[in-house]
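Reader: Please walk me through this model. Keep it brisk.

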Amino acid sequence: MLPPSPRDRTVRVLVVDDSAFMRKALEKMLSADARIEVIATARNGAEALEVIRSQDPDVVTLDVEMPVMDGLTTLRTIMAETPRPVLMVSSLTTRDADVTLEALALGAVDFIPKQCSFVSLAITRIENELCEKVCRLGRRRHLRPMRPRPASAPPAPPGPVPGPLGNHQAVVIGSSTGGPSALEQLLRPVPRSIGLPILIVQHMPLLFTRSLAERLNRTCTVTVRLAEAGMSVEPGVALVAPGEDHLTVRRDRTGRVYCHLSKEPSDKPHCPSVDVLFRSAADVWGRAALGLVLTGMGHDGLEGAQAIVERGGIVLGQDEASCVVYGMPKAVADAGLVRYAGNLDGLSSYLRLNCLQSKGVFV
C-alpha cells in the first residue's frame, strides 16, 4: 500500500504561546479542521524546541513575546536545526510588528494578528484562512526547506531573463503569504536610479505595512515609503499601500500621478487589494503598466492582471519553485496572463536590465 501523498496526509501542528487562552483558542480553531492535528502545545520556546525534536511537527505557530525563550530566539534555533514553516502570533503593537517583520526575514513564512484573529466579528473567515494557510504550508514543508537567504549570500541563478516586453512607465506589485521576504529579495538589488515608480500591495494590517515600508527602506537602495493620500508617485520611489485602505493611482489636470486611499470597494476579501491597485494602474498607464504577482494564497490580482493585459500592459509572475504559497501567481498564470515567470532574482534582473534601459540608464 502506498503512503499518503503530502496533499492527503494530516498536517501536524505545534501551538506555542505563553497565554493559556491563546493556546486554547488556536487549538480549537485548528482542530475544527479535519485536515489538521494539533499534536501538542507549549508555553515557551524552550518547551517548543523539545516538542519539535521529539515529535517533528509540520507547522509551528509561535508567539512573539514569551518568558524563558522568546519567539525570535526560538525561531533562529528552529531554522538552524530543523527548518519548517512557522507562523508568528503577534499582537497589534508597533513593537510586535517590528519583531514580526524581523521574524519573517529570519524564515517565518507568515503571521497571525492576535486581536484580529480572536476578538473579531469576522472570526469564521479568519479561522478558515488560518486553517487554509496551515494546510498549504504543512504540505509545502515536504517540497523544500524553509531557510531564509542572508542578504550577503550570492543571488540564485535567475535563469533566462527576457529583454524588454514593453515600454514600461510604472511597476505595480502584489503579494501576500511569504511576501515581505519576497519583496525584500526582489527590491534589494534594484538601484536608486531606476526610472520608474513602484507601488506595492501586501496583505497586512496597518501597523505591519508601516513596519514593512520602514524595513524595506532600510534594507533596499530605492526609497520606500508608506503611501499617503495625495502623495505624488515619483520615479525611483516605492510606495507601500497602508493596511486597511485600498491604494489607487489617479492623474490630475497637470499630468501629475498621485495616490488615492479609500475603503471602497468594501466587497473585496482583502483591503488593500491587489486587484484594485492593478486596475487603477491599467487606467492611468495603460500599455505602459508592468504588474508583478508574487507569492500568496488565493487569487487577488487575477482581475487586476486581466485589466492590465487588456490595456496592452505586461504581467510577470513568481514561479512555483520559489513561492512560499503558489496561489496568486498560479491564478494569473493559469489564466494565460503571465508573459514571464521567474524566481525573485529573475524578476529583479528584469527590473534592473529592462526598466532602467528603457529610460536610458544602464547598470
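Reader: How do the axes of helix 3 and helix 4 cross, roughly parallel or roughly antiparallel?
Author: This is a predicted model, where local features need pLDDT of at least 70, side-chain atom pairs count only at pLDDT 80 or more, and totals for chains, interfaces and linings use all residues. Residues are numbered from 1 along each chain as its sequence is written, and side-chain values use heavy atoms, without hydrogens and water. The axes (lines fitted to C-alpha atoms, for helices over the stretch in contact, with angles from 0 to 180 degrees between N-to-C directions) of helix 3 (residues 71-81) and helix 4 come within 10 Å and cross at roughly 5°. Angles under 35 degrees count as roughly parallel and over 145 as roughly antiparallel, so helix 3 and helix 4 are roughly parallel.

Reader: Which residues of helix 4 make the contact with helix 3?
Author: Contact means heavy atoms within 4.5 Å. Helices are DSSP runs of H or I, at least four residues, and strands are runs of E, at least two, numbered from the N terminus. Helix 3 brings Leu 72, Leu 75, Arg 76 and Met 79. Helix 4 brings Val 99, Glu 102, Ala 103 and Leu 106.

Reader: What is the strand order of the open sheet?
Author: Two strands pair if DSSP finds at least two bridges between them. The five strands of the open sheet pair in parallel, in the order 2-1-3-4-5.

Reader: Which strands lie at the edges?
Author: An edge strand here pairs on one side only. The two are strand 2 (36-42) and strand 5 (110-113).

Reader: Is Cys 220 buried or exposed?
Author: Cys 271 is partly exposed, at 30% relative accessible area. For Cys 220 the relative accessible area is 7%, so Cys 220 is buried.

Reader: How many disulfides does the count come to?
Author: A disulfide is a pair of cysteine sulfur atoms within 2.5 Å. By this rule the count is zero.

Conventions
Buried means under 20% relative accessible area, exposed over 50%, partly exposed in between (1.4 Å probe, protein chains only). Angles under 35 degrees count as roughly parallel, over 145 as roughly antiparallel, 65 to 115 as roughly perpendicular and the rest as oblique.
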